[in-house]
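This report describes one protein model, from its domains to single residues. Please keep the sequence and the structure in view while reading.

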Amino acid sequence: MPSDTMRSIPVFRPYHDEAEIQAVAEVIRSGWWGQGPKTAEFERRFAEFVQAPLAVAVNSATAALHLALKVVGVEGGEVISPALTFVSTNHAILYNNATPVFADIEPETLNIDPEDIARKMTPRTRAILVVHYGGHPADLDAIHALAKAHNLTVIEDAAHAAGASYHGKPIGSISPLTCFSFHPVKNLATGDGGMITLQNEDWAARLRRLRWVGINKDTWVRSAGKDTSQYSWQYDVEELGYKYHTNDINAAIGLVQLERLPQTNARRRQIAAMYDEGLGDLPWLQLPVVRDDVVSARHNYVVRLDERERLAAWLRDHGIATGMHYIPNHLYTMYRRYATPLPVTEREWKRLLTLPLFPGLTDDEVAYIIETIHNYHA
Ligand SMILES: Cc1ncc(COP(=O)(O)O)c(C=O)c1O
């Protein structure tokens with residue numbers, strides 16, 4: 001085993017081989033770099049993979065969340081969401097001139113707690129924004145039951161959950177709108193990118209306009225002889241859209257990564273099982289759990305302990321990086337005005353530490369991480 005000083009293990013690292021490089025080279029040589037046939041193919045394949053009727057590609061999950069909330073129409077209302085998330089989840093609510101209302105999390109999974117959602121509902125609530133923390137699906141049956149009873153729309157932030165499933169159904173096929181991220185650290189990475197999966201054709205058509213500055217015909221259709229109208233240059237802009245579309249270079253990477261996702265997620269599960277086994281005997285360390293009725297995408301491996309900074313420093317000194325997901329959003333300056341009682345979030349976030357987990361992490365590196373944690377005196 002190499003000495004500690006030679007080790008340098010990051011928390012996340014994207015996985016690729018020659019196939020991504022070939023796919024990008026092919027698009028570059030094709031002369032069509034923008035949103036075009038590869039994007040359409042990626043949307044089709046992604047929808048098939050998650051068993052959703054429709055998928056609309058965008059350039060990030062932040063954009064996906066912004067537009068998903070926009071087609072639901074939450075302006076002026078409240079959206080219930082967790083505080084323990086990446087800040088984009090809640091920014092998307094503010095982009096829509098709506099108010100984030102934070103609900104607390106379940107101690108076991110760190111996912112939004114349906115009981116607190118019920119407590120936080122008001123006559124102004126329009127939607128529930130669910131985050132699948134670490135790729136472990138939230139309790140969607142309970143959340144959908146609440147939404148149905150109060151006529152609310154459920155939107156899933158599945159940035160961590162590509163390849164996860166709940167009660168045998170893929171994440172992406174369950175709620176009216178599900179948003180995915182293809183940021184470099186995600187299970188399916190394209191550099192940057194996002195996808196909205198959905199069932200409603202009208203919403204999909206509007207999302208396609210909104211992602212392309214409001215224009216009602218995409219450039220590929222107009223330019224590639226696919227436009228059967230008399231004037232291919234003619235289009236209309238009916239509402240203010242955004243520059244949120246993606247491009248075929250990203251989509252080509254996405255197609256390769258999608259095909260490989262079952263294997264890379266299986267490798268993530270294997271590494272998580274090694275951690276579970278290797279760390280299960282440490283009484284001072286709480287390990288993540290996966291409920292029997294879900295398949296987690298195992299986006300990250302978050303352990304819990306008191307004085308986590310000491311373990312983080314110990315691991316850093318041994319060449320092992322760690323992360324912390326996340327600072328609860330109501331603690332950020334601009335979100336302080338939305339603070340509300342969140343006892344579980346307040347207690348648990350201070351104990352979270354994210355260990356390295358990515359498909360390219362070797363068995364030897366996992367063993368080294370486990371051994372280094374064993375050598376730490378809590
Ligand atoms: C839970 C969550 N939501 C949203 C996002 C935003 O994704 P993106 O970087 O694709 O905009 C991220 C990560 O970056 C995330 O972790």
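The sections below cover the domains, the strands, the ligand shell and selected residues.

## Basis of the model

The model is predicted: local features are given where pLDDT is at least 70, side-chain atom pairs count only at pLDDT 80 or more, and totals for chains, interfaces and linings use all residues. Residues are numbered from 1 along each chain as its sequence is written.

## Domains and their contact

The protein chain is divided into domain 1 (18-259) and domain 2 (262-374), with bounds that come from an automatic or database domain assignment. The C-alpha centres of domain 1 and domain 2 lie 26 Å apart. The contact takes 28 residues from domain 1 and 30 residues from domain 2; two residues are in contact if their C-beta atoms, placed from the backbone, lie within 7 Å.

On the side of domain 1 that touches domain 2, strand S3 (99-103) and strand S6 (165-166) each supply at least two residues. S3 gives the most, with three residues. Helices (H or I, at least four residues) and strands (E, at least two) are DSSP runs, numbered from the N terminus. By class, this side of domain 1 has 15 nonpolar, 11 polar and two charged residues. Ala, Val, Leu, Ile, Met, Phe, Trp, Tyr, Cys and Pro count as nonpolar, Asp, Glu, Lys and Arg as charged, and the others, Gly among them, as polar.

Strand S5 (residues 153-157) is largely enclosed by the rest of the structure, because four of its five residues are buried. A residue is buried if 20 or more other C-beta atoms lie within 10 Å of its own, exposed if 12 or fewer, and partly exposed in between, with C-beta atoms placed from the backbone.

Strand S4 (residues 125-131) runs parallel to S5 and is joined to it by five bridges; strands pair if DSSP finds at least two bridges between them. Ala 127 stands opposite Thr 153 in S5. From S4 the chain passes through helix H6 (residues 140-149) to S5 in a right-handed β-α-β crossover, that is, with the strands pointing away from the viewer, the path from the first strand over the helix to the second runs clockwise. S5 also pairs in the parallel sense with strand S8 (residues 177-181), over three bridges, and Ile 155 stands opposite Leu 177 in S8.

## A three-stranded sheet

An open sheet of three strands has the order S7-S6-S10, with antiparallel pairing. Its edge strands are S7 (169-170) and S10 (294-295), each pairing on one side only. Two bridges join S6 to S7, and Tyr 166 has Lys 169 in S7 as its bridge partner.

His 167 lies in the loop between S6 and S7. Phi of His 167 is near 50 degrees, a positive value in a residue other than glycine. His 167 counts as exposed because 10 other C-beta atoms lie within 10 Å.

## The ligand shell

The ligand is surrounded by 14 residues, the closest being Ser 60, Ala 61, Thr 62, Ala 159 and Ser 181; a residue is near a molecule if its C-beta atom, placed from the backbone, lies within 6 Å of it. Helix H3 (61-72) and helix H4 (88-95) are the elements that give two or more residues to this shell. The shell divides into four nonpolar, nine polar and one charged.

## Backbone exceptions

Most residues other than glycine have a negative phi, and most peptide bonds are trans. Asn 97, in the loop between H4 and S3, has a positive phi near 55 degrees. A cis peptide bond joins His 325 and Tyr 326, with omega about 10 degrees.
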